[in-house]
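Subject: Structure handover

Hi there,

Here is the structure I promised to pass on. Please have a look, and my notes follow below.

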Amino acid sequence: MRMPRIFANSSSGALIALLVSLPLGAAVPAATITGPIPADAAGSGSRNSIHSASAIELAAHGYVEEEYFIEGTANTYAADSQDPMADASVESAGHRYRTRLVVRRPNAADFNGVAVVEWMNVTGGVDKDIDWWQSGAHLVANGYAYVFVSAQQMGIDNITAWSPERYAGLDATHDGMVSGDASSYDIFSAVAKAITREGQASSGVDILSGLRPRQIIATGHSQSASRLANYLNAIHPLDPVFDGVIVHGGGGTIRDDQPVKIFKLMAETDMLRRAASPQPNTDTFRQWEVAGSSHVDVPFEVEYGKVRNQQEGLSIDGVTPRDSGCELPAYSTVPFRDVMNAAFEHMVRWIDEDIAPPLAEPIQLVRAFPTPEFARDERGNVLGGIRLAEHAVATAKNTGLNTGANRFCFLYGSHEPFDAGTLRALYPSKAAYVDAVKETAEGNVAAGYILPEAAARTLREAQARSW
């Protein structure tokens, strides 16, 4: 692991003195937790409920959802001007913040010993727990504890506008003195450090109410993934708090010369920017690319719609994806979440037993430069990558690409069903189609890319398909 260093070209004597006065690898300052904060029920329409409360069923599985406030001081950091993947230096300290975290925890009998901490995504200004939307049902079914963190000011501004009374006084800018979400890294670390691990004694508010995880895993999607990549490259090594990190749908090259396990999960959409500069797999880094999947997909859209409805006291039944306004029918139906669920189980084993996840073929390229172009079959579906049955035994053209007037169309992917003639040409009978789905799904289970329950659901859906 590289050692942190102090910049020789600091801009002022005062800064030099500050840097010298702080120890190299300075620890993240301790924080104070308040709560749980009393809240009205999710779905009540009250602005005193938890913003971004889960729309995935919790109570029936013995889960409790609670919100806490966390406050303290954060360091800001300066990257190494010669090496962006070297340890950062502490640039300044003592920056006050106050923000929130939300806990979803099982009862003690069902706890699997793993806590997942998600960095809330703020793209479009809204605080979004996207990895929970993708894998929350899996986490609940398997006894994970889960925490999300509002680490960035845009998300704080959003929830404060939604409920000025509940979220009054939250701020991650030290009264405007910190810009660029520079305090976010220590905020994220402080939340993880507030979790009492197995074998430790609790001090202060116990946010997991007696649960003692042996592992703490970080996760974040897209914009949050990019923040996590920066965090892993330069800041986390100074005061490591996570055992593993799942970087989902974003982030450039990530340094792998540290003990933390790093699993990067990419949709077809995400690889358009990254395919030309692949990062090799190592003992501490894995990358999986899911063919035909999109950055924003159908489950993402449905879960987001449920959360929005619930916050306004509306029904969450029958929610469908929004009209995208894109050139092609939007939102791939390739179930990225099946791969992500498997990745969580691999990550747990990787940390516990040092058994790395299986390797996976990358999405194939026709060319890498000047602009990457993916290799596709005669019906337009991409080749290579992890090939789920919904893609390999295709009944539609599913891609990670789209265009249109909506500025987010490029993230939505596309779904264009085959006509009856194409289906008959591909599959002479429904039985032939179902057999092909079964073989592919079982192959993906054997390879470790999906879990048995995902294969069983995929087969049921194939059997139920009209022909």
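Throughout, buried means under 20% relative accessible area, exposed over 50%, and partly exposed in between (1.4 Å probe, protein chains only). By that cut-off cysteine 409 is buried, with a relative accessible area of 1%, and cysteine 326 is buried too, at 14%.

This is a predicted model, where local features need pLDDT of at least 70, side-chain atom pairs count only at pLDDT 80 or more, and totals for chains, interfaces and linings use all residues. Residues are numbered from 1 along each chain as its sequence is written, and side-chain values use heavy atoms, with hydrogens and water left out.

Those cysteines form a disulfide (a pair of cysteine sulfur atoms within 2.5 Å), with an S to S distance of 2.1 Å. The count comes to 1 disulfide. Cysteine 326 sits in the loop between α7 (298-311) and α8 (336-353), while cysteine 409 is in helix α10 (residues 409-412), 83 residues apart. The torsion about the S-S bond is about -100 degrees, so the disulfide is left-handed.

Helices (H or I, at least four residues) and strands (E, at least two) are DSSP runs, numbered from the N terminus.

Now to strand β8 (residues 261-267): 7 of its 7 residues are buried. Phe263 and Leu265 are among those on one side, with Ile262, Lys264 and Met266 on the other. Strands pair if DSSP finds at least two bridges between them. β8 runs parallel to β7 (residues 244-248), joined by 5 bridges, and pairs in the parallel sense with β9 (residues 285-290) over 6 bridges.

Best wishes
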